[in-house]
Amino acid sequence: TRMKISIIITLTILLMLEVAPLLAAPSAVVLTYHRVGEDDVPSTNVRIEQFEQQLDYLEQNDFAVWPLGKILNALSNGETLPNRTVAITLDDAYLSIYTEAFPRLQKRGFPFTVFVATDAVDKGYSRYMSWQQLREMKAAGVEIANHSKSHPYMVRRLPGEDTATYQLRLKNEIVSAQQRLEKELGPQPKLFAYPYGEYSKEVEEVVNSLGYVAVAQHSGAIDQQSNFLALPRFPINEHYSDINDVATKLKSRPLAIKSLSINDPLWLESTPPRLEVVLADEVEGIGELACYASGQGRMEIEWLDKQAGKFSIQAAKPLSVGRHRYTCTAPDGERRYQWFSHLWIVNPSQPNSSDHTE
């Protein structure tokens with residue numbers, strides 16, 4: 001009898017170990033696209049064959065594709081997520097989302113979210129969707145959300161603009177867009193995507209005062225500990241569509257951070273920012289931690305207190321005007337990458353030659 005009990009217990013443990021990875025992961029990955037099949041704008045486009053390959057990968061590898069709002073509700077309520085949960089988002093309401101992305105996602109039964117900058121739709125620009133097309137997608141179950149009214153650089157103040165006027169302008173961008181969405185499409189979630197992925201602590205405070213959850217475009221996975229005023233998403237375009245790289249991102253989970261010495265992405269100094277990071281206690285793979293500065297490659301990690309998981313990183317060269325990231329990764333026990341990135345927006349008052357309409 002004891003032997004039978006022992007065998008049953010052993011089999012139960014083995015079954016639990018086998019099933020556990022399939023049951024739940026307390027994190028999710030969010031992908032963001034802009035254009036699909038618009039090959040004349042490669043910086044914001046993904047080619048149709050790349051898009052289909054990525055959707056095939058999701059389908060063939062048992063990813064749970066959920067609407068972004070459903071994922072955020074689950075995380076906010078402490079609910080369990082399926083293993084390998086992913087959200088697909090598309091920004092700006094380009095026409096190719098309707099003509100190319102929508103039928104391919106619908107064919108696979110994949111829900112997705114479209115963030116709409118409403119002025120472009122109202123003005124009837126030829127490369128953007130119409131309200132009727134958005135209504136059709138909404139009726140098919142597509143989640144529609146707020147991407148501002150005019151798609152401005154939200155961290156940039158206008159000449160002579162004081163704090164009160166600046167914040168009022170930002171609020172109007174969000175509130176006006178929400179009013180247009182709700183007039184045309186009915187009630188909408190209070191979900192906002194920063195134009196160009198740009199935000200600052202001041203912009204965050206405006207978004208928070210209006211009661212929104214917001215997403216950006218710095219890379220990384222999300223969980224309950226993430227900043228719900230600036231959630232990371234992995235941007236995908238022609239240059240970042242290698243299926244092996246996309247697969248690595250899809251399998252990633254958040255690198256657990258206890259604290260940062262700088263929380264504001266806005267950087268106005270000429271020297272590159274020195275960021276002190278304190279990792280949470282449960283971080284695995286510290287010995288294989290690697291950090292990178294966009295455009296400069298791997299950074300040296302200075303351990304201030306390795307036992308406490310405290311280190312600092314700093315780019316070797318000054319950061320040019322525009323958007324940059326510090327990214328840190330470390331493999332966990334399953335060889336999935338724990339991922340963290342910090343956005344930097346350098347001297348946003350100066351126009352950047354790389355600026356483009358997304």
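A cavity here is a set of grid points where a 1.4 Å probe fits but cannot get out. I kept that in mind while looking through this predicted model.

**Entry: cavities**

I looked up how many cavities of 30 Å³ or more the structure holds, and there are two. I then picked the second largest cavity, which has a volume of about 30 Å³.

Which residues line the second largest cavity? I wrote down Ser27, Ala28 and Val29, then Arg84 and Thr85, then Leu250, Lys251 and Ser252, and finally Arg336. Strand β1 (residues 27-33) gives the most to this lining, with three residues. I also sorted the lining residues by type: three are nonpolar, three polar and three charged.

**Entry: disulfides**

Next I went after cysteine links. A disulfide is a covalent bond between the sulfur atoms of two cysteines. My count came to one disulfide. Cys291 is joined to Cys328, with 2.1 Å from S to S. I noted 110° about the S-S bond, and the link of Cys291 and Cys328 is right-handed.

**Entry: buried or exposed?**

Last, I checked the two cysteines for accessible area. Is Cys291 buried or exposed? Its relative accessible area is 0%, so Cys291 is buried, the cut-off for buried being under 20%. Cys328 comes out at 1%, so Cys328 is buried too.

Technical notes:
Residues are numbered from 1 along each chain as its sequence is written. This is a predicted model: local features need pLDDT of at least 70, side-chain atom pairs count only at pLDDT 80 or more; totals for chains, interfaces and linings use all residues. Side-chain values use heavy atoms; hydrogens and water are left out. On a 1 Å grid over the protein atoms alone, a cavity is a set of points where a 1.4 Å probe fits but cannot get out, and a pocket is an open set with protein on both sides within 12 Å along at least five of seven lines; lining residues have an atom within 4 Å of a point. Grid points are joined across faces, edges and corners, and a volume is the space filled by probe spheres set on the points. Helices (H or I, at least four residues) and strands (E, at least two) are DSSP runs, numbered from the N terminus. Ala, Val, Leu, Ile, Met, Phe, Trp, Tyr, Cys and Pro count as nonpolar, Asp, Glu, Lys and Arg as charged, and the others, Gly among them, as polar. A disulfide is a pair of cysteine sulfur atoms within 2.5 Å. Buried means under 20% relative accessible area, exposed over 50%, partly exposed in between (1.4 Å probe, protein chains only).
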